[in-house]
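I opened this notebook to keep track of what I looked up, one entry at a time. The structure comes first, and my entries follow.

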Amino acid sequence: MTRAPLLSAQGLVVRYGAIEAVRGIDFSIHEGEIVAFLGANGAGKSSTLNALVSLVPAAEAQVLLGGEEITDVAPERLAPMGLTLAPEGRRVFGGLTVEENLRMGAYGVRSAEKREAAWDMVHDLFPILYERRRQFAGTLSGGQQQMLAIGRALMCGPRLLLLDEPSLGLAPQIVGQIFDLIALLRERDVTLGIVEQNVAMALEVADRGYVMAGGRIVAEGTAAELRQTDRLQAAYLGGS
Amino acid sequence: MDLFVQQTVNALALGGTYALLALGLAVVFSIMGLINFAHGELMTISGYTLMYCGIAGVPFVISVPLAILAAMVAAVAMERIAFRPVRGGSGATMLITSFAVAMILQVLFQNLISARSQAVMLPPLLSESLRIGNVIIGVNKIAAIVATVLMLVFLDRFMNRQKTGIAMRAAAEDFAIARLMGIRANTVIAGAFAISGLLAGVAAVLWVSQRASVDPLMGFTPVLKAFIAAILGGLGSLRGAVAGGFLLGFIEVYLAAFLPQELQEFRDPIGLGIVVLILLFRPNGMIPSRVLGSVKV
């Protein structure tokens, strides 16, 4: 690919005290792509996504979104710039109704037209959320909360949506639904970065992937290439 | 029976004032984990504003909103000057900062105004009372109850219908994620302080209108009570703060009215004993905060 990536990160380092969780990695995500970050627990995948949206500080990095430097930008400025995250563990606002959660997703969107378009899209993708819009989010099932977390993130009309472990803790049948949904997002040209433990499912929807182990990228390539590489298996078995 | 009705009105008036103060503490605590002990000094600032307005001959209907505004401005300034630099610090750091702010303000009041209690001119209407059947109710008590109800309705609407209010509830649950949605930390925190100032200002007007005086330590006792009320209700829970405030008001007023004469000097320890007893059975308060509900004491 020769065109400039939508997001590019150079030399990303994340430290928690003395522990270096991410050790200087480079990666990029192009417009319209679905990019998966794969690897075992503790490989540094979630830290990578969290650092992109400033949920954890990047110790060192240069991150560009659409050519604009966003490395040290405050988290609240990222959604209006088009970057958002559906976090690990869903983290919906349990004491707010489904509708209020979605309204908060569009908090930084000034144009009423854009808000309505996003609301229509979320309504379209998740009819169940519309049905339950007056219910407190904390009373939804795990799968519905995951839908709400994704729907809430979509409300700001992101150029790039990051999904952190969207299938974590969900029943297999519900996991299937979440991945069907990701496939639907792809049809709507939403650019996605996904961290996922369920490798088979992730590679089914992804265009490309990065395999991480011990805070480093140990393999990268198209989904088809990664399915064949033994680096992927090695990464999960703890080798690098 | 008449005495009971009378004392219930008194309890509602006192409990309402505690509820407003506890709510002010809870709004700030729920969002930034700070127990603002300088909340009482916001009340004192309102009290002095009422005093100076009275001296300057400003009509009471104008001096009341001015006094409330003074507390709001002071609250926002307090956040900007004292609490923003320690934001994200430990609970202890913020608590010590709030004590420091409270002490600095108290010393300023003592040195720049007076260490003694100062009279506040109030309209004669406030010291009148109404007779309903055999029950005599002070106008200031009715004003306190009406003001409390209006404030609670206003706050409920604001937190449930206004975008900023909903954002404040979201931030109270998960500040990091709320920021990811584009909710500005500064806006939400300054908003929380402005609301706590508004509540402290209203509570101060009610407090002063029962006593007609103001002194540098005026805010200390009511805020200590409000802190107890907030713990009783469930720290960080807004509904809990209101419930705790009213319950504490009822405990205090009923004990003062119905405890036998020889036990009256033990009124405060008995009252606090009841609070401890309630907390033994409900360690996280009567209506625990959703976020902090699982915290074990």
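**Entry 1: the nonpolar core**

I looked up the largest nonpolar core and found 169 residues in it, of which B:A22, B:L25 and B:A71 touch the most other members. I note that this is a predicted model. Helix α1 of chain B, residues 2-32, gives the most to this core, with 18 residues.

I then listed the contacts of B:A22, leaving aside neighbours within four places in sequence. B:A22 is in contact with B:A226, B:A229, B:A230, B:G233, B:A241, B:G244 and B:G245.

**Entry 2: two packed helices in chain B**

Two packed helices are described by the angle between their axes and the distance between the axes. I looked up both values for helix α2 (residues 39-55) and helix α3 (residues 60-83) of chain B: the angle is about 145°, and the axes are 8 Å apart. The crossing of α2(B) and α3(B) is right-handed.

Which residues make the contact of α2(B) with α3(B)? From α2(B) I wrote down B:L42, B:I45, B:S46, B:T49, B:L50, B:C53 and B:G54. From α3(B) I wrote down B:S63, B:L66, B:A67, B:I68, B:A70, B:A71, B:A74 and B:A75. Sorted by class, this contact has 11 nonpolar residues, four polar ones and no charged ones.

**Entry 3: B:A190**

I found B:A190 in helix α8 of chain B, residues 185-211. Is B:A190 buried or partly exposed? B:A190 is partly exposed, because 16 other C-beta atoms lie within 10 Å, and being buried takes 20 or more.

Not counting residues up to four places away in sequence, B:A190 touches B:V76 and B:E79. I also checked B:A77, which is 113 residues from B:A190 along the chain; their C-alpha atoms are separated by 8.9 Å.

**Entry 4: where chain B touches chain A**

How many residues does each chain put into the contact? I read 17 residues from chain B and 21 residues from chain A. On the side of chain B that touches chain A, α6 (163-173) and α7 (175-180) of chain B each supply at least two residues. The residues on that side divide into 10 nonpolar, one polar and six charged.

**Entry 5: chain A as a whole**

I counted 10 helices and 10 strands in chain A. The C-alpha atoms of chain A fill a box of roughly 50 × 40 × 40 Å along the principal axes.

Of the 240 residues of chain A, 47% count as buried. For contacts in chain A between residues at least 6 apart in sequence, I noted that 66% join residues at least 24 apart.

Most residues other than glycine have a negative phi. I looked up two residues with a positive value.

A:S54 is not a glycine, yet its phi is about 65°. A:S54 lies in the loop between α1 (45-52) and β4 (60-65) of chain A. A:S54 is buried, because 23 other C-beta atoms lie within 10 Å.

A:E165 has a positive phi near 50° and is likewise a residue other than glycine. I placed A:E165 in the loop between β7 (160-164) and α7 (172-187) of chain A. A:E165 counts as buried, with 21 C-beta neighbours inside 10 Å.

Conventions: Residues numbered from 1 in each chain as written. Chains lettered and ligands numbered in written order. Predicted model: local features only at pLDDT ≥ 70, side-chain atom pairs only at ≥ 80, totals over all residues. Contact = placed C-beta atoms within 7 Å. Helix = DSSP H or I, 4+ residues; strand = E, 2+ residues; numbered from the N terminus. Nonpolar A, V, L, I, M, F, W, Y, C, P; charged D, E, K, R; others polar. Buried ≥ 20, exposed ≤ 12 C-beta atoms within 10 Å, placed from the backbone. Axes fitted to C-alpha atoms, helices over the stretch in contact; angles between N-to-C directions. Left-handed = near helix turned anticlockwise from the far one by under 90°. Core = buried A, V, L, I, M, F, W, Y, C linked by C-beta atoms within 7 Å.
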